[in-house]
Amino acid sequence: MRSRLRSRIRALYFGHTQSAVRFQGVLLVLDLLIIGFFIGSQFIAELPWFWIVDVAIAVFLAIDLLARLFAFGTLRRWLKFPTTWIDLVVLATLLFPAVLHNWGFLRILRLWTLVHSERFWNVLARGKWDDTYVEDLTRAIITLFVFVFMAAGFTQAFFLGQHPKLNNFVDAIYFVVTSLTTTGYGDITIDTAAGRLFSVGLMIAGISLFFGIAQKAFAPQQKIVRCTGCGVDRHSLGASFCCNCGEKLAAPLRGRARVARGVRRFGKGG
């Protein structure tokens, strides 16, 4: 009975059947609503119903984590995935707001884990963009967005008040974006040694992130098929053989073919 229930939950979370996709779709909608709440929480934290929603999200995340732990069967397998660790950090900020209020910005990491999850691409357009150029570009853009939000949260938590114009989250976002783009208007600066090192880090990260997005956007599209011989998964669009080891490439599975074969993407979980 227990093993049957575990198999059923595992199939719902990671399967490709119609019922599994519907279940994952519901979770996806809830995830997006939670992320929207996290993004807006900086501006609605004083409202009377804020803490009620905060507790409800904590309950949902706890149930989701426990369900995935049960589906994996062992604590070791459950902890192997970065999504588990990130969700545990997010849950901690929800359960202990008085202690971890300065780290609430880490909740935006859930957006990063969402676009890196099997669930998101399995449900979105019925898997149409799974293992495609669209997925690569979307991940790069979301990574930049999450980085900006986290850097602004870090700025607010540790440098608020160190400049007369650095007084709230919007000011922190403005400072981060001007630093990332190396525009550097100069109206908000952090003159301490730690602040200057932080600004340098933002500038270097900005160059890397924007270059990464440009590379994804303007580079020639590639065929994304994992080679069974060496594991390389990027090849020229018309390639029939692996560019690394010469192994013949299988045709990528899309839509109903993926569902029929029950194929899961290599190395993904959660």
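Analyst: Contact here means heavy atoms within 4.5 Å. The model is predicted, so local features need pLDDT of at least 70 and side-chain atom pairs count only at pLDDT 80 or more, while totals for chains, interfaces and linings use all residues. Residues are numbered from 1 along each chain as its sequence is written, and side-chain values use heavy atoms, with hydrogens and water left out.

User: Of the contacts in the chain with a separation of 6 or more, what percentage is due to residues 24 or more positions apart?

Analyst: The chain has 12 helices and 2 strands (DSSP runs numbered from the N terminus: H or I of at least four residues, and E of at least two). Their order from the N terminus is α-α-α-α-α-α-α-α-α-α-α-β-β-α. Among contacts with a separation of 6 or more, the share of residues 24 or more positions apart is 57%.

User: What percentage of the residues in the chain is buried?

Analyst: Buried means under 20% relative accessible area, exposed over 50%, and partly exposed in between (1.4 Å probe, protein chains only). Of the 270 residues in the chain, the buried part is 41%.

User: Which helices are included in what covers the buried residues of H11?

Analyst: H11 runs over residues 193-218 and reaches 38 Å between its end C-alpha atoms, close to the 38 Å expected (1.5 Å times one less than the number of residues). Its buried residues are Gly195, Phe198, Ser199, Leu202, Ala205, Gly206, Leu209, Gly212 and Ile213. An α-helix has 3.6 residues a turn, so residues three or four places apart point the same way. The cover over the buried residues of H11 includes helices H9 (133-159) and H10 (169-180).

User: How is H9 oriented to H10: parallel, antiparallel, perpendicular or oblique?

Analyst: The two axes, lines fitted to C-alpha atoms over the stretch in contact with angles from 0 to 180 degrees between N-to-C directions, come within 8 Å and cross at roughly 120°. Angles under 35 degrees count as roughly parallel, over 145 as roughly antiparallel, 65 to 115 as roughly perpendicular and the rest as oblique. The angle therefore makes the orientation of H9 to H10 oblique.

User: How many nonpolar residues does the contact of H9 with H10 have?

Analyst: Among the residues making this contact are Phe147, Phe149 and Gln156 of H9, together with Phe169, Ile173 and Phe175 of H10. Ala, Val, Leu, Ile, Met, Phe, Trp, Tyr, Cys and Pro count as nonpolar, Asp, Glu, Lys and Arg as charged, and the others, Gly among them, as polar. The contact has 3 polar and no charged residues, and its nonpolar residues number 12.

User: How far apart in space are valine 148 and leucine 180?

Analyst: Valine 148 lies in H9, and its 16% relative accessibility means that it counts as buried. Beyond residues up to four places away in sequence, valine 148 touches Val176, Val177 and Leu180. Valine 148 and leucine 180 are 32 residues apart in sequence, while their C-alpha to C-alpha distance is 8.3 Å.

User: Is alanine 157 buried or partly exposed?

Analyst: Alanine 157 also belongs to H9. In space it is 9.6 Å from alanine 172, C-alpha to C-alpha. Because its relative accessibility is 22%, alanine 157 counts as partly exposed.

User: Which residues does serine 179 touch, leaving aside those up to four places away in sequence?

Analyst: Serine 179 is part of H10. At 6% relative accessibility, it counts as buried. With residues up to four places away in sequence left aside, serine 179 touches Leu202 and Met203.
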